[in-house]
Structure formats: C-alpha cells, structure tokens
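Please begin with the overall division of the chain before turning to local detail.

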Amino acid sequence: MKSRVKDYIYSPQYECLSRSEMQALQSERLVKLVKRVYDNVAVYRAKMDAIKLKPEDIRSVDDLYKLPFTTKQDLRNNYPFGMLCAPKEEIVRLHASSGTTGKLTVVGYSQNDLDVWAECVCRALGMAGVTKEDTVHVAYGYGLFTGGLGLHDGATKMGATVVPASSGNTKRQLSLLRDFGATAIACTPSYAIYLGTEMENNGISVDELKLKVGIFGAEPWSDNMRKEIERTLNIDALDIYGLSEISGPGVAMECMAKNGSHVQEDHFIPEIVDPVTLEPLPYGEKGELVFTTITKTGQPLVRYRTRDITSLNAEKCSCGRTTVRMNKVLGRNDDMLIIRGVNVFPSQIEAAIMNVSGVAPHYMIYVDRVDNLDVMEIHVEVNESISSDTVGSLEALRKKIESEIHSYLGISARVRLVEPNTVQRSEGKAVRVIDKRKI
Ligand code: DLL
C-alpha cells in the first residue's frame, strides 16, 4: 500500500539524543526520583530499607537493577492512595483500570504528569504525521480508562481538531467519520476491524472518508491484522502502547518504519527481565517489560512489572529517532496459554489464522481439559464471499487453518468455521479466549 502519512519528529531535542546523552539525562532524573520516592512513599522506603539500599546508592542508570520491583499487587495493597508521592491537593486527575480480578488499580496524576502524558501523545501523533491541520476521531472509551482522555489531551495540545466520539454506537461513529472528515482515528485494532466491516453494512464507502492514519493499541495485534486494517480502511495503521500505571497511551509508539515502537525513554526507562528469575536481559531478548517513570510526580513507579512480554531494540531507526524501540507485545504473562506444555499467546494464533485467505479477522479461542489433556478449539469466521462455498471447499479451508496453526506454533488445535457476524464484536479491548480449565 502506498503510504498516506508523512511523519515528523515532534521533540527532536529528546527523541534524537545520542545513547550517552540519553543515559546522562536518565541518570540525573533517576537519582532525583529515588530520593523523592524514598522520602515520600512508605512502601518504597520499606522496600529499600528491607534490602539496606539507600537513595545515595543509586548514582546512575547503571544502578537501576539494584532497586526493588513494584507490582500491580503493591498498588492493590495500597488502594486507593497509598502509593501517591505528592500531597492529595496536587493530584488533579484519577484514572483506574479494573483488570479481571480484585480491586481497581488507581493512578493519581499531578498537573506535571498530565503535561508529560500530553507531550508523549504529541510525539506519538508526530509519528503518525498528525498536525494541527488534522481532525482526530477518538473512539477509545472516555472515562477511567486512559485511552480516550489520553489521546484527547495530546491531540488538543497539538492543536488538531478533536472529535471525542468515545466508544460505542458504531452507526453514529461512521456518520461522524464521514461528515466531519476525520483524517486520523484512534481506537482499539479490533474495533477498527469492526468499523471496516460495518461500513459496508451501513452503505458507507471508504472513498467517502478522509482517513489517512490509525493509532491503534490497548491490546495485542498482529502484523497480519495491520495489513487487513490498512486494506479495508485504506490507511496506515500504527501501534500505540501504554498502560495506566505508567501514564496511559503514548509510553511508546510506532513510527512510519512500522518496525517497533519508540519508547519515550526520557520519561520512562524500559528494561526487559526474565519473568521467572527477574534478572535483567540484554537488548533483543524476549522477557517481561519493566518501566521506571523518572519524571512523574503524582504517583511515580520504580521498576514496575508490566507483565507484557516483548523485547527491546536499540538499533538505529530509519526515521532518525534514537530512542529504544519495543517490539510488538506478544501478550501479557497472565494471558499466555500453556497448551500441553507449549506456551502460546493469542496474538500468535491470530497471526497464523490471518495467514489464510478466506477468513475474517474475527475468532474466539476455547481451551478445555478433556481426559487430562488440554484441548483447544478455535472458532474462525469465514468471509461473506465464501460462506456459501461447497462443503468440500469449506472443509479444505478448515484444514488449511489447522495446518497453519500447527506449522506456526507446533500445537494441534481444532478449528471450527463459523458464519459471518457470529463472533462477539468488541468496542474496547477484545476478549478472545475462554479458558474453561480455569472455570
Ligand atoms: O490500554 C492504555 C492504552 C490506551 C494504550 C489506548 C494504547 C491505546 P490499560 O487499560 O492500563 O491501559 O492496559 C494496559 O494493555 O499492559 C498491555 O497488556 C495492553 N496494551 C496496551 N497497549 C498495547 C499495545 C491502556 N499496543 C495493558 N499492544 C498493557 C499490546 C497493549 N498490548
């Protein structure tokens, strides 16, 4: 596809530093941060005292590994405000994420933190070629979830025209996209796919839209899914990463090289650790992503374990930015399926399914245990165009998907083809797995 986007570097003074300049800046900020959290957050003081680590022991980023980790459980144990580092009157916004179990994870933002976040989103918009001339349709949910307000504040700071559509009401979203002439859209990749198919059902042609680029994240998605979105919406589809605990969308974002997301390293130091031993791993190796926020003042986090599995890449990017890139997130540690001893992420299953033509990008994975053996059944929607094919050709398609999954992942799965529009659609983060072994 011919690219429709011309990206640019929003803050070259931070996005193009040499490695030694970046490390010097990170070191200076890290030293201050550690002192701040030790003095103001009882949890950090207790964790550091327990290993006899004093703030003075942290002199540069090279000492980062000495610091204790922070986990989601720490945030839950100290619900709602026990991890704040600033007095409550300096907190101007609260966000929270629910997760699947337990209490909400609460994040308090100072005005400084909202400014840092908006700056990061502006840099992300730069990577998507968005300028003040553009209209950005934000279809991430507004509310405690950081997607909507995060993109909103960044696009507003940029001076673009924002359409705060939020999630839901797909018919209205489509008319708004057409009538207001949005040039950029921000939503989950699964919703982008849904919009693409619904366009046809609502008699709207892609030629009536002015969209150039999509800023998609909040859930893992494969490169094959990217191709499908780019084809149906006729846009460039870029990956945006973030999590509420660290700030929200914009912690990292893909540039037009579409080869990994640039981490905003002057604000968030990334590390990859072995999820079992917690030992730091070198660039290139896959493991759990950990972040230390070095400029936040409301609720900074030290070595926060994201549970996301990916790897980092410090090679020079063709776009001119020098910040470290994170590869596509495979999935979360806690979403990883272990099928007869083989570790599989739903995103890998997606990539295998979407290698086969004739299927729609809608699927559902069911896992169960039968006679003490793990079994996986995947429901895959077929395209409208082939749903009326002969039984024989549908059976051939089904077998082809099974064999693709087997050769790609080394596991056997039973595939069931289902009618178009029967797999549940999502407006936010898609739920793709039902693991009956856990029920
Ligand atoms: O999902 C923030 C966000 C909003 C990011 C909009 C991008 C766009 P949480 O609800 O706290 O925050 O969920 C964070 O979502 O740890 C990842 O597991 C997953 N995630 C977020 N972005 C991506 C992505 C927002 N681009 C959790 N690829 C993270 C894969 C992602 N997973």
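What distance separates the centres of domain 1 and domain 2, taken over C-alpha atoms? In this predicted model, the two centres, taken over C-alpha atoms, are 30 Å apart. The domain assignment places residues 1-330 in domain 1 and residues 337-435 in domain 2. To the contact between them, domain 1 contributes 21 residues and domain 2 contributes 16 residues.

The volume of the second largest pocket is about 670 Å³. Its lining comprises 31 residues, and those that lie nearest the centre are Thr 197, Glu 228, Arg 231, Thr 232 and Asn 383. By class, the lining of this pocket contains 11 nonpolar, 13 polar and seven charged residues. Four elements each supply at least two lining residues: the helices α8 (189-201) and α9 (223-233), and the strands β18 (359-370) and β19 (373-382). Of the contributors to this lining, α8 gives the most, with six residues.

Helix α8 also packs against another helix. On the α7 side, the contact involves Thr 170, Gln 173, Leu 174 and Leu 177, which meet Tyr 191, Tyr 194, Leu 195, Glu 198 and Met 199 of α8. The residues of this contact of α7 with α8 comprise six nonpolar, two polar and one charged.

From α2, the contact takes Val 34, Val 37, Tyr 38, Asp 39 and Asn 40, while α3 provides Ala 42, Tyr 44, Arg 45, Met 48 and Asp 49. In the contact of α2 with α3, six residues are nonpolar, one is polar and three are charged.

How many cavities of 30 Å³ or more does the structure hold? There is one cavity of 30 Å³ or more, and the space in the largest cavity is about 30 Å³. Its lining consists of Leu 75, Asn 78, Tyr 79, Pro 80, Phe 81, Gly 82, Met 83, Val 106 and Gln 299. Six of these lining residues are nonpolar and three are polar, with no charged residues. Two members of this lining, Tyr 79 and Pro 80, are joined by a cis peptide bond with omega of about -10°. Pro 80 is located in the loop between α4 (72-77) and β1 (91-97).

Backbone geometry also calls for attention in two further loops. Arg 340, a residue other than glycine, has a positive phi near 45°, and its place is in the loop between β16 (337-339) and β17 (342-344). Asn 372, likewise a residue other than glycine, has a positive phi near 65°. Asn 372 lies in the loop between β18 and β19, and these two strands each supply at least two residues to the lining of the second largest pocket.

Conventions. Residues are numbered from 1 along each chain as its sequence is written. This is a predicted model: local features need pLDDT of at least 70, side-chain atom pairs count only at pLDDT 80 or more; totals for chains, interfaces and linings use all residues. Side-chain values use heavy atoms; hydrogens and water are left out. On a 1 Å grid over the protein atoms alone, a cavity is a set of points where a 1.4 Å probe fits but cannot get out, and a pocket is an open set with protein on both sides within 12 Å along at least five of seven lines; lining residues have an atom within 4 Å of a point. Grid points are joined across faces, edges and corners, and a volume is the space filled by probe spheres set on the points. Ala, Val, Leu, Ile, Met, Phe, Trp, Tyr, Cys and Pro count as nonpolar, Asp, Glu, Lys and Arg as charged, and the others, Gly among them, as polar. Contact means heavy atoms within 4.5 Å. Domain bounds come from an automatic or database domain assignment.
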